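Reader: I have a model open and some questions about how it packs. Can we go through it?
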Amino acid sequence: MTAYYQIFAATFIFVFVKAFQQLNVVGGHYWYVLPTSFLMAAAEVTIIINIVTLLTFWACVPMGLGGGTGAMLAMYIHKRFIG
């Protein structure tokens with residue numbers, strides 16, 4: 001069961017950072033692009049490692065929940081603190 005929590009957390013972080021990155025690029029916020037890219041890489045590697053260890057279709061559930069909530073939070077935080 002721990003792998004499902006790790007997949008949720010890693011997907012949440014990955015989609016959060018990916019959405020944040022997209023907003024940075026669109027808004028021309030150059031200073032945030034490079035650190036955000038490193039966070040994206042770390043989260044993506046974590047997701048891949050956990051998916052390989054599980055090898056089950058049910059991993060889609062925590063990935064979907066993590067991705068959706070991560071994207072919504074990124075939109076809110078970016079709008080609130082960066083503009």
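Reader: Which residues does Histidine 78 touch, not counting residues up to four places away in sequence?
Author: Histidine 78 touches Phe20, Leu23, Asn24, His29 and Gly83 on that count, where contact means heavy atoms within 4.5 Å. This is a predicted model, in which local features need pLDDT of at least 70 and side-chain atom pairs count only at pLDDT 80 or more, while totals for chains, interfaces and linings use all residues. Residues are numbered from 1 along each chain as its sequence is written, and side-chain values use heavy atoms, with hydrogens and water left out.

Reader: Is Histidine 78 buried or exposed?
Author: Buried, with a relative accessible area of 4%. Buried means under 20% relative accessible area, exposed over 50%, and partly exposed in between (1.4 Å probe, protein chains only).

Reader: Where is Histidine 78 found?
Author: In helix H3, residues 60-82. Helices are DSSP runs (H or I, at least four residues), numbered from the N terminus.

Reader: At what angle do the axes of H1 and H3 cross?
Author: Roughly 35 degrees, and the axes come within 7 Å. Axes are lines fitted to C-alpha atoms, for helices over the stretch in contact, and angles run from 0 to 180 degrees between N-to-C directions.

Reader: How do the residues of that contact divide?
Author: Into 18 nonpolar, seven polar and no charged. Ala, Val, Leu, Ile, Met, Phe, Trp, Tyr, Cys and Pro count as nonpolar, Asp, Glu, Lys and Arg as charged, and the others, Gly among them, as polar.

Reader: New topic. What does Alanine 19 touch?
Author: Ala71 and Ala74, again not counting residues up to four places away in sequence.

Conventions: Helix = DSSP H or I, 4+ residues; strand = E, 2+ residues; numbered from the N terminus.
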